[in-house]
Amino acid sequence: MKFILNGTPVEIDFIKEKLLFPHMTVMDYLREHAHLTGTKEGCGIGDCGACTVCLAERDVFGNTVISSVNGCLIMLGMLDNKHLITIEGVAKNGKLHLVQQSLVEKRGSQCGFCSPGMVMSAYAHYLNKKPFTRSSIESSLSGNLCRCTGYESIFQALIDVEKYERIEENPELPENSREELFVEKNGSVYIKPLDLQSLLKYKRWYPQYTLVSGASDLSVKYKTEHPASVSLIDISDIEELKGVTINKDSLTIGANASIESAKEALSVYYPQLSEYLSTFASLQIRNKASMAGSVAGASPVGDIMPLLLALRAGIVLTSDKSSRSIESRNFNTAYRRHIMADDEIIEKFILPLPSERHKLFCSKQSKRKDMDISSMTFCISLSIDNGIIKDVSTGFGGMAAVPCASGKIEEFLTGRPFTEDTFIKAKPLVRQEFSTISDIRGSAEYRLLVAENLLIKCFNDLK
Amino acid sequence: MDQSLKRTASHLKGETRYIDDLDKPNNVLYGFIYRSNFAYGKIEKIDIEEAKRVKDVFAILSYKDIPGKNFMGAVFDDEPILAEEHVEFIGQAILLIAAKSKSAAFEAITKIKVDIKELEPVLDVEESYTKGNFPFDPLHIVSGDVEEGFAKSDFVIEGVLNTGCQEHFYLETQAAMSVPKPDGTILVKTSSQNPSENQLIISHALKLESSKIEVVTDIIGGGFGGKETQSNWCAVWTSLLANHCAVPVIMVMDRREDMLITGKRHPVKTTYKAGFNKNGRLNAYSAKFLFDIGFSADLSRSIIERSLLHLDNSYYIPSVKCDLYPCRTNKPSNTAFRGFGAPQSIAAIEYVMEEISRVTGIDAAVVRNRNFYGKSVRNTAPYGQKIKDNIIGDLYKELLKTSDYKQRVKSLKEFNKSSKWKKRGISMVPVKFGISFTTSFLNQGAALVNMYKDGSLVVHQGGVEMGQGLYDKMMNVVSREFGITKESVRICSTNISVIPNTSATAASTGSDINGHAIKLAIDRLKNRLNDFISLNYSWGKEDIVWENSFIFSKKNPEIRYPISEIIKNAYLAQVSLSEQAYYKTPGIHFDRVIARGNPFYYYVFGLSVSEVEVDMLTGAHKIIRTDILHDVGESLDKLIDKGQIEGAFVQCSGWATMEELVYNSKGALLTASPDSYKIPGIADIPQDFRVNLYEKNPFNAGILKSRAVGEPPFIYGLSVWLAIKNALIYFNKKSCRLDLPATKEKILKCAYSYVESDKN
């Protein structure tokens, strides 16, 4: 594989390089093999952001896209044909970058351990020409924890950056000479097909291999389980799976479009989803994680499935033989199980565009706003015709073994007047529909109470 | 750029080398531990035969392989370095492994077989209390007659309050590297707030004299108290392995492992009773505090002692009777954490202040003001120390004005009238924090100042730089006191072979004890050099001025000599350019048995006000605004002090609202990972955050009239929790107990008075 590391081309021959594997994390590669120790390991599971690095790559249209990502999650093989910028590549010729200079001046660094990651998130923000306002800084640094500063000095430093003229930087990219990667070594296999057809072929040949894209789940699993060998199909660079297209009355989102790009596309039609999807993990993870990854894990929580359920979205499942579109409601079959056949993959999602009378409410409950797994999630979509509720569709996460809709609530609300009283009366249905469990994220009683309350919140937000 | 700017810049360039970033020798081995999966059990059999045969595994050690003493501890030697017959908490180390690669070590761990007979653990603090599981005597304080106080009160309230555990979550996990030397000595690089204790424990374990153990600490990636005693583990484990294998061994804890096995802030269950008058003034306060100390004593006695010394916070309480119990449980040993026990007892008295306000209907800030220590009367603490130099009243007046408190309480009430589901609350929390180690002998520091012929300076001192800006403050002291530009000053890494017998960098004392020692050394060295100058340049000694690396006589300031020139001549004249000094804090003492004394050199004061908005449907809150006014004296560095205050506030607001450690019924920590244990992120801080430094304190206390700043501002975060409590009163008029942390769930529990089920 070929990539650029801080401006220097790197070529890796996995056969010759005995200690390198395409499935090792970029952080391990940097720290243990490239001797670049500026990228820190604070947790190793994508929760603290000390390992944040920048990735420059071509998008579907050939434009250079720059994103902050977690070095502890993404895998070395995913760097093929890209430019990786680490903290060592930010200061040029010994001169601090504006972002760094400003953080020095405002003392936005105390013990310093989170600082390289903070700088990388801010640097990606800078390169992407985003404004340094309090709210935009907050969103770009949502995946970076600091235990010393209390963040205020970091805000102050970065707001200062806005005062200076920006110097444009365009990270170069390797010449477009993409080749499929197939590495078989010490019992592990890593295949990186570059088009849908080859992916489907591999999926037929090796149905038991794990598909990986953002690796936000998989790298965490490997970190705790230390598997002796792995078998992966890396689908992160298949362009056909990344597209977002707008049709007459629907939006098609490729299975592997990043959550961040899905968020941007969806927010145009559903402005409330900008906030909702901003609470999906952190920016670093949203830049690489995909809707398909969130859905295919078939987790009982998860932030995407309840939304798909409420929107009655379609999911297109494809194998090398056929393609079928199913309703999102039929996707999950049991706890952590789904309807897909061994040779099938999720190809895309089809989400309806809203009509004029349509309303959507989504709320995720978690201990912390950013970068947290939900304790429960509620999404509801409805339209109001002359004060009467119609077309109700719901999606609940964290309330049962699978994310699911509530037929009882939908039926009850349909045809009733759009008043707070209607929603108050719907509350008891929550306990009829769900008998949830207690775990570290909340007790059953809490989940039920919040679900009831969200019915009222939904009315108050939508009214 | 001077050294302090370079250091910060190096953080931001990723050039700072923490332990895991050090260049590792080619023959380095990675150290790992084999852990207990039971909270309490008897080790019946250990089989390492198969594991030993794993390629690249060099050693697997048990307690039997320890050449010296297996038991260690800060105060009592009750902690085994490796478990002997029993395991006492989940995560306790049973065996040490050294391997050439991490994967070899992981493989070995899967092949180790340890049979443990499970025994019934004690996990609940009440159960431990009932059984009298106290590893040392409980602490008591009595002052005045509480029964009389309750009898004459208009109101007497009673209640229970739980304050939760808190994980330090320093960003750099525990780490150390030990390198054996051919001369029989050992070099230990450690991420520690107390390298001297690392040295002592290694010395006992290896049966090696302290002088042969060189312990060095460069900057560490956060401490907060979590790298005082807890740093002993990696330091002693790597030393044992390195000594056994005769090669360097490095150990860097995985985050999960770190969270699982290291001690945290003590959770405390408080049962309180308070008697007060209609005007809101306290007459009597009694409380029983049950501290969950974990499996060993660690620093718990000192922590509980500091709790006892802060249960009054800023208030004069005519009669007090409190009992504080150290309850042993089968959990990791709870330990030092910023505030060192004070936040727990302060939380209780501040909670009482809010309750007094609720009961009397008097605004809580007014209630607090009525109870503040006086300047000349009502100014003796329950433990007998006179609260002199009290400025809390001045701070109160100023913050009331700058925070626009009264107007905001008014608007908040209007908001709450018109808003059904969102309610706002406000709370003002003061702090009076005692500065000094309460174990009086620890209040000592030493420094060594070496000057070179070119006039540049190297300074050694005993404090550790962990992000709190100690080195930078010390550089300010050196530069100002010597009259040398910062560029010519270098503060060295903490090295126990250069400065011996250091105290932990803790208790907010780092700048004071080390700064005073440095100042003493500088005074002496300068005095000697001034004698030389006076003699050789014929200037009056009292006229000599050192300024910006130049020396001149006040009488003739036009003639200025560069320091380098004069120092070179001093050297040629055989004047010593090196000076060592020792400092001990004067006049402090405390008798734990009778709970009386003068434990503190001085107090730091301050006040905070936070306003929150709580969504009563979801329990979510946001901090609309926080104002802080904090007593820093003549700050050695305003940005550092501001950063300490902001960081401490946010750290406490995390403890107070979202950081929750959940154990199951077997004693396993279910939240040993940042995916389930949530510290504040960038979106969780006050939307409007105003920190002001109060620099007008007329009293001279800390080094160069500055004041300690590490711990006191932690208390301010409690204002977020109590503002939430205040908002809840507008939603649910009934009294409800709001334990800390006030998570969304606890807030709803309070709002709707429902019972929480077990989370196991």
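**Figure 1. Buried residues of helix 9 of chain B.** The buried residues of this helix are B:S300, B:R301, B:S302, B:I303, B:I304, B:E305, B:R306, B:S307 and B:L308; a residue is buried if 20 or more other C-beta atoms, placed from the backbone, lie within 10 Å of its own. Helix 9 (residues 300-308) is thus mostly covered, with nine of its nine residues buried. Helices (H or I, at least four residues) and strands (E, at least two) are DSSP runs, numbered from the N terminus. These buried residues pack against strand 9 (139-143), strand 16, strand 17 (319-328) and helix 10 (342-360) of chain B. The model is predicted: local features need pLDDT of at least 70, side-chain atom pairs count only at pLDDT 80 or more, and totals for chains, interfaces and linings use all residues. Residues are numbered from 1 along each chain as its sequence is written, with chains lettered from A and ligands numbered from 1 in the order in which they are written.

Figure 2. B:N283 is buried because 22 other C-beta atoms lie within 10 Å. Leaving aside neighbours within four places in sequence, B:N283 is in contact (C-beta atoms within 7 Å) with B:G149, B:K152, B:S153, B:G275, B:F276, B:N277, B:P318 and B:S319. B:E148 is 135 residues from B:N283 in sequence, yet their C-alpha atoms are 8.8 Å apart in space.

**Figure 3. The side of chain A that touches chain B.** In this interface, 63 residues of chain A are in contact with 64 residues of chain B. Helix 16 of chain A gives the most to the chain A side, with 10 residues.

Definitions and conventions. Buried ≥ 20, exposed ≤ 12 C-beta atoms within 10 Å, placed from the backbone. Contact = placed C-beta atoms within 7 Å.
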